[in-house]
Amino acid sequence: MGGTEHLSVRREGATLILTLNRPEAKNALSLAMLVGLYDGWVEADEDDGIRSIVLTGAGGSFCAGMDLKALAGKGMEGEQYRDRLQADPDLHWKAMLRHHRPRKPVIAAVEGYCVAGGTEILQGTDIRVAGESATFGLFEVKRGLFPIGGSTVRLPRQIPRTHALEMLLTGRPYAAAEAAAIGLVGHVVPDGTALDKALVIAEQINACGPLAVEAVKASVYETAELTEPDGLAAELKRGWPVFDTADAKEGSRAFTEKRAPVFRRA
């Protein structure tokens, strides 16, 4: 199990919990954090014992965006990771889920600030839970910058275009209740309980057939921009083989026998 000084990794059952761990900087993205994130996504993809991922932040914040100085590895901080970025110049985009989509479902548990790069990473997650005092927003235009983490492409596909453009063009903050109202997050819970709620959802996912879960997630993203006939054809191609798996047969037997199924990814 990996991790770095700015990214903590732990397992809870079949769930991998990745924690952005730089609370003194409201978990602003550093090179150490990005390397840890990327390694965490890879670990989840390669370990069949992991069925879900929860992404959260330490110290009451999710992520306040990019720390450009830390990302560049200026000074001593991050120096030991500079070779990783040189070896894979795309590593930071993979870490931020711009150029990588994990096979397993990713649940975001947000407390406090989730702004700029934090909101951009959020758009790469599948299910989102927020504490009621959480703050969202893409502030780049207020600083004369561009939200290049994918937001001009993803956000209008995830929430209504009028709301996406308002968030992108005003650079204003959004409270958790408003973020939920426009569809950016799915659950708003009392402060300090976002991780608990995310883990409940993760356990519900973990109890399902892992091959089915991964195929369903893949189908949703693969068909998102297809016409309905093309999407239905792609869904059939992705979904039909699931019925021939041992997991599918186990699920049917367990239903008949009125017991919990035991799935083995077969």
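A: Helix 6 (residues 151–158) and helix 7 (residues 161–170) pack at an angle of about 145°, and their axes are 7 Å apart. Two packed helices are described by these two quantities, the angle between the axes and the distance between the axes. The axes are lines fitted to C-alpha atoms, for helices over the stretch in contact, and angles run from 0 to 180 degrees between N-to-C directions. Helices (H or I, at least four residues) and strands (E, at least two) are DSSP runs numbered from the N terminus.

This is a predicted model, in which local features need pLDDT of at least 70 and side-chain atom pairs count only at pLDDT 80 or more, while totals for chains, interfaces and linings use all residues. Residues are numbered from 1 along each chain as its sequence is written, and side-chain values use heavy atoms, with hydrogens and water left out.

The crossing of helix 6 and helix 7 is right-handed. A crossing is left-handed if the near helix is turned anticlockwise from the far one by less than a right angle, and right-handed if clockwise. On the helix 6 side, Ser151, Thr152, Leu155 and Pro156 meet Ala164, Met167 and Leu168 of helix 7; contact means heavy atoms within 4.5 Å. By class, this contact of helix 6 with helix 7 has five nonpolar, two polar and no charged residues. Here Ala, Val, Leu, Ile, Met, Phe, Trp, Tyr, Cys and Pro count as nonpolar, Asp, Glu, Lys and Arg as charged, and the others, Gly among them, as polar.

An open sheet of three strands has the order 5-7-8, with mixed pairing. Strand 5 (113–115) and strand 8 (174–175) stand at the edges with a single partner strand each, so one side of each has no neighbour in the sheet. Two strands pair if DSSP finds at least two bridges between them. Strand 7 (residues 135–137) pairs with strand 8 in the antiparallel sense over two bridges, and Thr135 stands opposite Ala175 in strand 8.

Ala95 is found in helix 4 (residues 91–95). Ala95 is buried, with a relative accessible area of 0%; buried means under 20% relative accessible area, exposed over 50%, partly exposed in between (1.4 Å probe, protein chains only). Leaving aside neighbours within four places in sequence, Ala95 is in contact with Leu34, Leu37, Tyr38 and Trp41.

Salt bridges complete the picture. A salt bridge is a side-chain nitrogen of Lys or Arg within 4 Å of a carboxyl oxygen of Asp or Glu, and by this rule the count comes to 17 salt bridges. In one of them, Arg11 is joined to Asp47, with the closest N and O atoms 3.1 Å apart. Arg11 lies in strand 1 (residues 7–12) and Asp47 in the loop between helix 1 (31–46) and strand 3 (52–57), so the pair ties together parts that are 36 residues apart in sequence. Arg84 forms a salt bridge with Asp39, the closest N and O atoms being 2.8 Å apart. This pair links distant parts of the chain, with Arg84 in helix 3 (residues 82–87) and Asp39 in helix 1, 45 residues apart. Arg84 is partly exposed at 28% relative accessibility, and Asp39 is partly exposed at 29%.
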